[in-house]
Amino acid sequence: MEEILENLNEFIKLNSSSQGGRRIVCVTSGGTTVPLEQRCVRYIDNFSSGNRGAASTENFVKAGYAVIFLYRRGTCQPYCRSLPDDPFLECFEFSDKTNIQGSLLKLPFSTIYEYLQMLRLIAEALKDVGPCSMFYLAAAVSDFYVPWKSMTEHKIESGSGPLDIRLAQVPKMLSVLRSNWAPKAFCISFKLETDSKILMEKATKALRKYKVHAVVANELSTRKEEVVVVSSSGNVVVRRECDKPESFVEDNLIRLIVDRHSTYIKESHN
Ligand code: 9Z3
């Protein structure tokens, strides 16, 4: 943790003092796991390939942002999205010319515990960056978990018939992030549903409940084609440009989010 915090603070210091204060975004990506045993052998997982987070990160870097990429170990990485998942690729380093290294800090997580702890650390470290900081929360975060204290230490025995597990609700950290950890940061959350009939209602409810600046609503089966950005100024449908094979929905999405962030920064200075 100490080492992570040191790297984090150095990254933020470097970027917030360069070019008259660069904007910094924390992109979360991939799904969190819920361990069933303290000495974990089994866990419940949340679906997310990490594609959204990785593609969004590339677009944020292109737009001049410094990115803290908080990602699930083993999921899709920026600039490697179309390459096979091969640890050999990690042996390559960015050349200085690309200048990407100073713009991207990658921090991994696996469990819901690690994710929440890291998010808090990042939010508190970004507090002084104020309105120039952003949270773009694309990670698929578990809604239910086994609290550490009620978790068995050792591997659950398999010989005693069917298994009953009671899962508690994960405390909604989004409200705490907005009100305590980083109240001045621009905050974008995501809402994922598989039933399109309830998606917009749920997203609108989340916007009000968590007081985020926008909620990106997406349906599982169409998430790569279109999303809807829900905010107090109305709903905007963002689509991938179908006639361009190399186009991704994140290209247009990040353009819109960056625009909204610029307006937010201007308004906070008035
Ligand atoms: C999303 O909705 C992301 O867009 C996806 C991206 C996970 C669908 P992939 O990683 O997919 O490209 O395969 N993320 C947020 C999902 C989520 O857990 N949202 C919570 C909710 O819907 C709120 S934090 O309740």
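What share of the 270 residues of the protein chain counts as buried? In this predicted model, 45% of the 270 residues count as buried.

**Overall form**

The secondary structure of the protein chain comes to 6 helices and 12 strands. Along its principal axes, the C-alpha trace spans about 60 × 45 × 40 Å. A compact globule with 270 residues would have a radius of gyration near 18 Å, and the 19 Å found for the protein chain agrees with this.

**Salt bridges**

Side chains of opposite charge can pair when their charged atoms come close. In the protein chain, the count comes to 12 salt bridges, and the table gives examples.

| Pair | Distance, N to O |
|---|---|
| Asp45 and Arg72 | 2.8 Å |
| Glu58 and Arg81 | 3.0 Å |
| Glu241 and Lys244 | 2.8 Å |

The side chains of Asp45 and Arg72 meet in a salt bridge. This pair links distant parts of the chain, since Asp45 lies in the loop between β3 (43–44) and α2 (51–62) while Arg72 belongs to strand β4 (residues 66–72), 27 residues apart. Asp45 counts as partly exposed because its relative accessibility is 39%, whereas Arg72, at 12% relative accessibility, counts as buried.

A salt bridge also joins the side chains of Glu58 and Arg81. Here too the pair links distant parts of the chain, with Glu58 in helix α2 and Arg81 in the loop between β4 and β5 (104–109), 23 residues apart. Glu58 has a relative accessibility of 16% and therefore counts as buried, while Arg81, at 21%, counts as partly exposed.

Which residues form a positive surface patch? The patch is formed by Lys202, Lys205, Arg208 and Lys209. One of these residues, Lys209, is found in helix α5, which covers residues 196–210. Is Lys209 buried or exposed? With a relative accessible area of 55%, Lys209 is exposed, because the cut-off for that class is over 50%.

Definitions and conventions: Residues numbered from 1 in each chain as written. Predicted model: local features only at pLDDT ≥ 70, side-chain atom pairs only at ≥ 80, totals over all residues. Heavy atoms only, no water. Patch = residues over 30% accessible without salt bridge, like charges linked within 9 Å, V, L, I, M, F, W, Y side chains within 5 Å. Areas by Shrake-Rupley, 256 points an atom, 1.4 Å probe, with all protein chains shown as cover. Salt bridge = Lys/Arg side-chain N within 4 Å of Asp/Glu carboxyl O. Lys, Arg positive; Asp, Glu negative; His and termini not counted. Charge placed at Lys NZ, Arg CZ, Asp CG, Glu CD. Helix = DSSP H or I, 4+ residues; strand = E, 2+ residues; numbered from the N terminus. Buried < 20%, exposed > 50% of the residue type's maximum accessible area, 1.4 Å probe, protein only. Rg over C-alpha atoms; globule rule 2.2 N^0.38 Å.
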